[in-house]
There are 2 protein chains.
Amino acid sequence: MNLKKSPLAPENFPRLPLVKGMLMGTAKSQVKYKKRDDILTVVFEKNTSVAGSFTQAQIIAAPVLFCKKNLKSGKAKALVVNAGIANSFTGRKGEENTKKLASFTSKFLNCRLKDVYTCSTGVIGEQIPLRPTIKAIKSSFQEKSVSFESAAKAIMTTDTFPKGSGKTIKIDGKDISIVGIAKGSGMISPNMATMLAFIFTDAAIDQKIFQTLINLGLRNSFNAITVDGDTSTNDTVLAFATGKAMENEKIKPFSGIGDARLRKFREALEYVMNDLALQIVRDGEGAQKLVEIKVSGAVSSASAKKVARSVANSPLVKTAIAGSDPNWGRIIMAIGKTKENFSENKIKIKIGKNLVIHNGALAKRYSERRTKKYMRNNSILIEIDLGVGDSQSSIWTCDLTEKYIKINADYRS
Amino acid sequence: MNLKKSPLAPENFPRLPLVKGMLMGTAKSQVKYKKRDDILTVVFEKNTSVAGSFTQAQIIAAPVLFCKKNLKSGKAKALVVNAGIANSFTGRKGEENTKKLASFTSKFLNCRLKDVYTCSTGVIGEQIPLRPTIKAIKSSFQEKSVSFESAAKAIMTTDTFPKGSGKTIKIDGKDISIVGIAKGSGMISPNMATMLAFIFTDAAIDQKIFQTLINLGLRNSFNAITVDGDTSTNDTVLAFATGKAMENEKIKPFSGIGDARLRKFREALEYVMNDLALQIVRDGEGAQKLVEIKVSGAVSSASAKKVARSVANSPLVKTAIAGSDPNWGRIIMAIGKTKENFSENKIKIKIGKNLVIHNGALAKRYSERRTKKYMRNNSILIEIDLGVGDSQSSIWTCDLTEKYIKINADYRS
């Protein structure tokens, strides 16, 4: 099936700053995609620190197991990504194949095996053919460094557009870059649509602090999106800090979590992570609308997120949004089916600027006509106040359309 | 929207036996449906015992609160059902209205208020207009007793066919009837598609034993179905036992849970409950296939059910089934995203008679062509063995089709 670019895609791939201390290469393995590069490699200068996060699923792909183990060392020399085959549910042979790809890389670059990170995305249950893959990895190392746009394109599977984001910040008067690329065609699923996200920065940052910042950033980015509630076996976020913008300029590295300069870095990092995550939702299969479900007045942010997720994952809410129907009864139902705390008499629901539910009843000034008009936009905000606390959380999702069914029912036919 | 009869509907409404000790009436309130009866009342002879179960949601409709309270008395004189307005999220006024309908009924029939059961189904957030509803209730009491088919039709909302099931068993040589009717247009949701099921028997059975049997029966019927994972504010199962087939024939009532004659009764009851539940799935919005997900080899039946539910609710699995695609990768994903116990190396998956996954890998004899052919049937069995225990459980669901989206996106437009 030939997929058209999502109507929610940004017009162009963004202009991204350079990140010092890394070189990227792409190549064609011709395993699944005959006409495009499907291998991405990134080689880092020494002392690059790495942080990451992986799928919460119980069935985990071989490359994820490999990365999880290596992450303990906290250092990275190379990242190797193949698109087309997920190397998931492939047993011991799958694990051996991942190790062979990493082993070739470590020998070629003359680095430790544990400094190599491998990621795979694509169909489940198939083995990666080693010969063409290794050949392509080798040739990617020999290319001149490619752009982030080319890198983002090489990791795509069913994505309809490449995803990138970046920020430059000044630390002690010098430019520091934070850039990310991602793939994941909306549906966070195992079959050709795993989510992968890679963040690169030339800041010098200790691995433990970096990991803490990534964990914090996840809450409002990759852990705050849902397309269909399904979870992949391969989902991976990896973040690399080369340190070269600070080392070479003789700027003091971040001293610790209390370093005042870290706030700026954290904000830029969270911007990039949130932007990438939202691009994944914008590429949701069949998506015509980007939807934010913002829940406030909860007893905890975890509780707010559970309610937001229940609303965001309800097929009834998602189809109503597809039809621009302010069907608040379905939102009430999705809140009501959770086990979370809320006060039925204090619930407040706003759709855009339209107050819909107030003190647990239909708002007096509610206008179905105005609310329906707002819902014809391609970006929708639904705010829910549970009336029992001060905590809040957002989930971003997309609508559920006939095209989603068409794509997923016809996928392998 | 004019909905065509589901392709999974039975050809005809079944022939059902009479149940002694009850009279049914229907009438038109003309509140939401102008051309058809939308009120059902049932009047029971004295000493009718009642058991029931209600929605697990936190936001609960007024009639459900009323029934829950009355159920403690264990006796029933009347059941009153209106279709068109759910009386949910209607606040104190909604509770008063339910009480007024019940109060009229208790005065008219000269019975206790707590022996009246009221059920509502339809749109959320609107109040029941009392005058036309009470008028229709009154006229339904004055009609001659109607058939179960007419009764099943009067409680429909977006259902495309009336749902009924029944069995006759012999206890001490005499006929005992168990009959049920239900509504719920597949989508177990608050907006015109609540699930209601009513069981009637002329057996004489103590309320406590009856409640136990209903609870047991639920596990393999109304608690084992899912269309879209959404839960209604009004879901209700009520079961009435008039006792008249045994009292009049001077058969000893069931003595207790150890009564050997109870097994036959329980089997018939479970047959009726399972049959009604499956009819609800067969009327799932846009459904083209009835699907059973049977999970065995689990550490407990609760664990098996959680895995089955994860597979049954996965939009990716459901769309693959719609496309007759044996996409076992998606089944693996849906198992893997649960927190339940399983052994990745022992997982076995069968689709119909086709062994797909064996010892955690693609089965050697697996034929995609044969499996695809099987999946073109309108009734699909997917069996999953988790390889860690002896417990099992089934969930019944339907496929997710473009028509589901069309129905739910256009619903109020």
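## Packing of H2(B) and H3(B)

In this predicted model, helices H2(B) and H3(B) are roughly parallel to each other (an angle under 35 degrees). H2 (residues 91–109) and H3 (residues 130–142) of chain B have axes that come within 11 Å and cross at roughly 30°; axes are lines fitted to C-alpha atoms, for helices over the stretch in contact, with angles from 0 to 180 degrees between N-to-C directions. Helices are DSSP runs of H or I with at least four residues, and strands are runs of E with at least two, numbered from the N terminus.

The contact (C-beta atoms, placed from the backbone, within 7 Å) involves Asn97(B), Lys100(B), Leu101(B), Phe104(B), Thr105(B) and Phe108(B) of H2(B). On H3(B), the contributors are Leu130(B), Thr133(B), Ile134(B), Ile137(B), Lys138(B) and Phe141(B).

## The open sheet of chain A

In chain A, 6 strands form an open sheet of mixed pairing, in the order S12-S11-S10-S13-S9-S14; two strands pair if DSSP finds at least two bridges between them. Strands S12 (361–362) and S14 (391–398) of chain A stand at the edges with a single partner strand each, so one side of each lacks a neighbour in the sheet.

Strands S10 (residues 348–351) and S13 (residues 379–385) of chain A pair in the antiparallel sense over 4 bridges. Lys350(A) has Glu383(A) of S13(A) as its bridge partner.

## A helix across the sheet

Helix H7 (residues 262–282) of chain A lies across strands S9 (290–298) and S14 of chain A, and runs at about 40° to S14(A).

## Conventions

Residues are numbered from 1 along each chain as its sequence is written, while chains are lettered from A and ligands numbered from 1 in the order in which they are written. Local features need pLDDT of at least 70 and side-chain atom pairs count only at pLDDT 80 or more, whereas totals for chains, interfaces and linings use all residues.

Terms used: Parallel < 35°, antiparallel > 145°, perpendicular 65-115°, else oblique. Contact = placed C-beta atoms within 7 Å.
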